[in-house]
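This report concerns a multi-chain model. Please consult the sequence and the coordinates alongside the text.

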Amino acid sequence: MATEALGWWGVPLGIAAGTLRGSAPFLFVSLGECLTEKSGKINLGLEGTLLMGAMSAYAISYVTQSPWLGVLVAGLAGIVLGSIHAFLSLQPKVNDIAVGIAMIIFGSGVAFFFGKPFIQPVAPQLPALEFGAWSSQPQVQSALEICPLFLIGVAIAPLMQWFFQSTRWGLLIRAVGDSPDAARAMGISIFKIRLLCIITGSFLAGVGGSYLSLFYPGTWTERISGGQGLMAVALVIFARWQPMQCLYASLLFGGAQAIGPALQSVGVTSYYYLFNASPYILTLAIMIVTCSPKRTLRGAPGTLGSSH
Amino acid sequence: MLNHYHWRGTLEAVCIPIAAIFFSLVLFGIFCALAGADPLGVYASIYKAAFGSWFSFQNTLIRASPLMLTSLCTALPAQLGLMIIGNEGAFVIGGIGAVAVGLAISSAPPTVVQLAMAISGIVCGGLWIGAVGALRYYRAVNETISSLLLNYVAIALLNHLVSGPMRDPSSLNKPSTYPIPALDMLGSIPGTRVHYGLIYGLIACAITYFLMRRTTFGFAARTIGGNIRAARIAGLPVGKLTVAICFLAGSCAGLAGMVEVAAVQGRANESLNANYGYAGILVAFVARHNPLAASLVAVLLGGILASGGILQRLHSLPDATILVFQGLVFLVVLYSESLYGRFRVFQDQSTVRRPPSVPYVPRPTSL
Amino acid sequence: MNPGRSLYLPRRRVMRGVLATAAFGVTSRLWTGCTPTSESQASSSTASGKLLQIGFIYVGPKDDYGYNQAHHEGEVGVAKLSWVKTEEQASVPETTDVEEAMRNMIEQDGAKVLFPTSFGYFEHILTIAPKYPDVQFFHCGGLYQEGKHPKNVGSYFGYIDEAQYLAGIVAGHTSKTGKLGFVAAKPIPQVIRNINSFTLGARSVKPEITTQVIFTGDWSLPVKEAEAANSMADQGIDVITCHVDSPKIVMETAEKRGIFCSGYHADQAKLAPKGYLTGAEWDWTTVYTNYAEMIHSGKTLMNGGIPHIVRGGLKAGYVKLSPYGPAVSATAKKDADIAKAKFKDNSLVIYQGEIKDNTGKVVIPVGKAYKQQDRTLEQMNWLVAGVVGNA
């Protein structure tokens with residue numbers, strides 16, 4: 001299909017398209033991690049969960065020819081890894097950051113090991129909703145091809161915000177995260193709540209992984225993630241543990257990934273390594289400007305990082 | 001009763017980790033059996049490849065050397081209560097700095113060049129993580145994120161410099177800087193093929209341990225890590241200490257970068273980004289941020305990594321198997337942390353509480 | 001009073017580590033005598049019929065649907081010879097890891113021939129080769145220099161740019177917008193040569209055609225490769241090819257956008273059933289089998305029987321063109337087949353002047369021709385006119 005070149009208009013369109021295409025994994029993982037961290041535990045192992053989710057989704061989609069089943073199984077894989085992480089990090093005296101790093105290694109290892117037979121085959125992909133049908137330009141049409149999973153993620157963010165602010169369960173989770181002593185006094189089982197939060201967070205991360213292999217980039221290889229899970233964990237802190245801010249930050253990151261190639265396609269070809277690092281430089285700059293010693297940790301769950 | 005040696009505690013400290021390693025080997029054996037390989041053969045191969053001969057042990061030591069230094073980059077700030085994962089970035093920046101200096105003064109005598117490269121690696125890596133510490137103190141930017149982001153920035157900088165301004169035109173298909181003259185490279189420890197980086201690593205771990213546990217500087221740092229308000233009340237210069245410790249942390253990783261350039265690669269290129277930093281984070285955590293223990297855990301991890309090749313060649317297991325093995329060992333060892341104090345046999349028998357024996361007193365019946 | 005309370009925590013850690021490692025260390029001392037010593041024999045002759053042990057080292061996973069897989073397929077091919085025994089190790093980074101891997105293959109498994117297949121292994125081969133003078137090291141793509149490099153090191157490579165030239169001819173015929181795209185990893189000579197050959201091939205049928213090149217920066221970055229393919233499609237490009245470690249993403253993204261694609265390293269027709277035109281593939285089995293047979297008959301690098309630099313293209317069978325896809329027109333097939341025949345009888349020279357680069361400078365003057373074997377081509381650092389982008 002022949003298309004006319006867009007010239008410089010291609011750059012913002014490319015970035016917008018990249019945002020819509022590339023933010024979903026960040027979104028799901030950061031929302032899952034937000035849930036986990038609100039309860040006071042850090043799950044760094046989501047990078048491994050992301051890979052495991054991507055692999056299992058692709059494998060199941062190939063074997064059963066149903067991509068949505070793949071998404072479900074990816075979530076289940078997330079639940080399994082989350083259970084291992086929860087079991088270990090909820091033991092007394094075990095440091096959850098260390099467990100997270102070990103889980104990254106273990107999760108990636110298992111994903112690569114079982115994923116070997118699935119690198120070559122082509123699995124059915126998730127369907128895309130064509131929001132761009134009104135346009136005659138193929139570029140706009142393809143930029144507005146959005147996966148329903150992305151929309152589900154976007155819907156989860158305000159839902160989670162409301163959940164934390166206005167529901168009883170949300171209050172319990174926040175209590176467990178901010179002040180376990182108060183929670184204990186209320187008779188809540190801290191162990192159960194944290195367990196549920198870690199497992200649910202891991203479920204979301206697994207689903208995020210399925211997006212990678214079943215929509216964009218839409219394939220299974222061992223380098224599919226490239227650190228997105230780890231960045232998403234950092235995103236949560238950047239977003240001050242607010243689900244809506246996680247949404248905005250994920251969009252920012254998704255868009256920033258597309259800056260380098262979009263600029264090259266219109267001829268800006270030097271310094272492309274530095275352009276490729278632009279999401280990180282941007283985030284760092286924003287953090288330096290907006291953080292100040294007085295208001296930084298507002299919003300941080302009180303027990304984060306300590307082993308209560 | 002007053003000063004008797006708690007041999008049970010030591011026994012516990014020995015039995016639990018050995019049992020953890022043993023148990024993780026069992027789990028891995030089950031995994032291998034399910035994957036179609038012979039578990040006992042796998043055990044023999046791992047042993048052979050990691051510790052089985054002097055040849056293999058040198059392999060282990062070579063892989064352990066960078067890990068000892070990079071783990072300090074996480075272990076040191078942890079004493080302050082900071083969690084820094086910028087080891088990879090400091091490693092890379094230290095390597096770049098070392099190469100730059102090494103090339104600039106390449107006509108000087110080898111010892112001078114090596115010393116200058118080491119200092120450059122130390123300073124560059126130190127400034128990189130020192131910036132993280134400064135941002136933390138003065139702008140309250142979370143140090144975990146800033147160090148993670150700086151990792152990516154450092155790698156991008158490496159790629160940009162190595163394929164652009166610092167590129168050696170004759171390094172065609174693998175963009176690299178000019179090589180350091182062979183004279184100036186770090187040699188091997190005589191009698192072995194392990195380079196001097198191992199010695200640097202061991203010395204750094206020892207010095208760090210001494211610094212943290214035996215000097216007022218280290219004590220001040222640990223106080224900040226323990227209770228920052230008390231430290232402030234006591235008048236400790238929190239900001240300066242934070243930046244100083246972060247500088248030291250970065251300098252260790254930067255020195256590791258210099259070693260990689262001066263002892264192994266001979267130049268800076270994309271291979272500098274070899275994940276030694278991330279492995280160092282794991283070593284630091286498993287060693288509970290204790291520098292001396294970190295050197296031993298680094299040897300353990302070096303042994304695991306050294307056995308990766310033989311699993312592929314002899315048992316036809318895919319390359320991902322070594323990741324599974326690493327993950328299992330560390331997960332089980334981390335779990336074993338929680339088992340201390342749980343087994344009665346390891347508890348000091350004189351203090352084991354028995355329920356107080358209450359003499360039988362018949363209940364008064366109503367008259 | 002418990003002595004040294006403040007030492008309790010670190011001592012525990014130290015004790016556990018010391019005892020664990022010492023236990024291993026002590027037993028290793030006891031075992032040293034029992035470890036089988038290296039099996040390298042004095043003579044390297046294999047004409048007597050002993051199994052020839054060959055080791056392969058890959059920089060990535062061997063099922064990456066790309067570069068490493070192509071080498072792995074070559075290994076499978078040579079392993080079919082009855083007097084050859086192969087072993088492989090994958091995902092070996094270009095640091096001390098590969099040196100240790102090579103040492104292990106030689107000392108523990110008795111390998112006499114090694115094929116470390118990533119370009120970045122060359123420096124490490126130069127470090128290890130002098131220590132094992134009767135083991136032969138064949139490096140893929142290395143620039144061997146007589147006299148400077150050890151005698152037991154050789155290098156081989158395939159002129160895959162000949163296949164890319166043919167792919168360019170097909171692309172030129174098929175493109176309706178006159179714009180081609182090339183997703184490249186890094187601007188190194190091997191990649192640049194492919195870009196140039198592809199463009200020159202396309203220009204031989206449509207002189208005004210252009211190739212847009214985007215460099216992703218590294219050999220395997222799926223998200224960047226997908227973004228590059230998408231932004232190329234946005235700019236109106238309708239045939240894409242690539243030079244990355246695993247072309248899978250580029251092919252699949254092109255298929256999703258409904259444009260044509262041309263493969264690399266291996267046959268990716270299955271990934272893009274409608275849009276796959278053809279592709280430039282390696283045929284390493286030929287190379288490895290040639291080497292194995294030479295060694296079997298007693299020739300080695302050291303005694304001069306095997307040349308240190310082995311190169312070959314379509315004629316030697318080191319590279320091949322993928323079967324034509326459904327979208328390739330009959331004219332395109334005819335032109336490509338004619339060119340292929342010319343390669344096979346050495347009558348077609350890609351780089352003959354006048355050739356200008358994309359800044360307008362003349363890089364190959366009129367009358368000058370560089371044959372494929374010319375070493376100058378292996379240092380190419382200019383992009384031919386018609387390529388949009390900078391090296």
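## Basis of the model

This is a predicted model, in which local features need pLDDT of at least 70 and side-chain atom pairs count only at pLDDT 80 or more, while totals for chains, interfaces and linings use all residues. Residues are numbered from 1 along each chain as its sequence is written, and chains are lettered from A and ligands numbered from 1 in the order in which they are written.

## Chain C overall

Chain C contains 10 helices and 17 strands; these are DSSP runs numbered from the N terminus, with helices (H or I) of at least four residues and strands (E) of at least two. Of its 391 residues, 58% count as buried. A residue is buried if 20 or more other C-beta atoms lie within 10 Å of its own, exposed if 12 or fewer, and partly exposed in between, with C-beta atoms placed from the backbone. Among the contacts in chain C with a separation of 6 or more, 66% join residues 24 or more positions apart; two residues are in contact if their C-beta atoms, placed from the backbone, lie within 7 Å.

## Domains of chain C

Chain C is assigned domain 1 (52-158 + 284-312) and domain 2 (160-279 + 320-388), with bounds from an automatic or database domain assignment. The domain centres, taken over C-alpha atoms, are separated by 29 Å. The contact takes 11 residues from domain 1 of chain C and 11 residues from domain 2 of chain C. On the domain 1 side, helix H2 (residues 67-79) of chain C gives the most, with 3 residues. That side has 4 nonpolar, 5 polar and 2 charged residues, where Ala, Val, Leu, Ile, Met, Phe, Trp, Tyr, Cys and Pro count as nonpolar, Asp, Glu, Lys and Arg as charged, and the others, Gly among them, as polar.

## Thr95 and helix H3 of chain C

Thr95(C) lies in the loop between strand E2 (84-89) and helix H3 (96-107) of chain C. Thr95(C) is buried because 21 other C-beta atoms lie within 10 Å. Not counting residues up to four places away in sequence, Thr95(C) touches Val264(B), Ser271(B) and Ala274(B).

The 12 residues of H3(C) should span 16 Å at 1.5 Å a residue, and the end C-alpha atoms are 16 Å apart, which agrees; the expected span is 1.5 Å times one less than the number of residues. H3(C) is mostly covered, with 11 of its 12 residues buried, including Asp97(C), Glu99(C), Glu100(C) and Arg103(C).

All of strand E8 (residues 239-243) of chain C is buried, 5 of the 5 residues, so E8(C) is largely enclosed by the rest of the structure. In a regular strand the side chains alternate between the two faces of the sheet. Both faces of E8(C) are covered: Val239(C), Thr241(C) and His243(C) are buried on one side, and Ile240(C) and Cys242(C) on the other.

Strand E6 (residues 179-184) of chain C pairs with E8(C) in the parallel sense over 5 bridges; strands pair if DSSP finds at least two bridges between them. Ala184(C) stands opposite His243(C) in E8(C). E8(C) also pairs in the parallel sense with strand E9 (residues 260-265) of chain C, over 2 bridges, and Phe260(C) in E9(C) is the bridge partner of Val239(C). From E8(C) the chain crosses through helix H8 (residues 248-257) of chain C to E9(C) in a right-handed β-α-β crossover, meaning that, with the strands pointing away from the viewer, the path from the first strand over the helix to the second runs clockwise.

## Contact between chains A and B

The contact takes 33 residues from chain B and 38 residues from chain A. On the chain B side, helix H5 (110-139), helix H6 (143-163), helix H11 (276-286) and helix H14 (321-336) of chain B each supply at least two residues. H14(B) gives the most, with 10 residues.
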